[in-house]
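These are my notebook entries on one structure, kept in the order in which I looked things up. The sequence and the model come next.

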Amino acid sequence: VGGLTVAGLGAPVLHGAHGNPGRMAASLLLRVTLPPLGAYGGYLLSPSDRARFRHGGGLIGFMAGYAVVTIIDIAMAKTSDDPATAARVISFGKSF
């Protein structure tokens, strides 16, 4: 459950913390749409005469969709503001 939460919300939260609400929304939208679309496409492209392979095709399609989302997120982060001028502070709890 924790890994799925980080995989689904990690990049959008970081985009938002860096002051990019548009990139945060785009990342979240892509993470919600592309992996399920990839799973559906993989399921449809799998051989229909063997049911157990159809589910494997869906899983491969899901992973391919997630890989595409990750590549897009990396490209969005790469074109982000200059790290030397941007304030990037996330605080959890108290300062010591």
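I began with the order of elements: from the N terminus on, they run α-α-α. The protein has three helices and zero strands. I took helices (H or I, at least four residues) and strands (E, at least two) as DSSP runs, numbered from the N terminus.

I noted that this is a predicted model, in which local features need pLDDT of at least 70 and side-chain atom pairs count only at pLDDT 80 or more, while totals for chains, interfaces and linings use all residues. Residues are numbered from 1 along each chain as its sequence is written, and side-chain values use heavy atoms, with hydrogens and water left out.

Entry on the whole protein. I looked up burial and found that buried residues make up 21% of the 96 residues; buried means under 20% relative accessible area, exposed over 50%, and partly exposed in between, with a 1.4 Å probe and protein chains only. The protein exposes about 6900 Å², and carbon and sulfur atoms supply 72% of it. These areas come from the Shrake-Rupley method with a 1.4 Å probe. Of the contacts (heavy atoms within 4.5 Å) with a separation of 6 or more, 50% are accounted for by residues 24 or more positions apart.

Entry on α1 and α2. I asked at what angle helix α1 and helix α2 pack. The angle is about 165° between α1 (residues 2-17) and α2 (residues 21-45), and their axes are 7 Å apart. The axes are lines fitted to C-alpha atoms over the stretch in contact, and angles run from 0 to 180 degrees between N-to-C directions. The two helices are therefore roughly antiparallel, a term for angles over 145 degrees. From α1 the contact takes Ala7, Gly8, Leu9, Ala11, Pro12, His15 and Gly16, and from α2 Arg23, Met24, Ser27, Leu28 and Arg31.

Entry on Arg31. I then followed Arg31, which has its place in helix α2. Is Arg31 buried or exposed? Its relative accessible area is 14%, so Arg31 is buried. Leaving aside residues up to four places away in sequence, Arg31 touches Ala7, Gly8, Ala11, Pro12, Tyr66, Val69 and Asp73.

Entry on Gly65. I located Gly65 in helix α3 (residues 51-78). Gly65 counts as buried because its relative accessibility is 8%. With residues up to four places away in sequence not counted, Gly65 touches Leu34 and Pro35. Gly65 and Arg31 are 34 residues apart along the chain, and their C-alpha atoms are separated by 8.6 Å.

Note on methods. Parallel < 35°, antiparallel > 145°, perpendicular 65-115°, else oblique.
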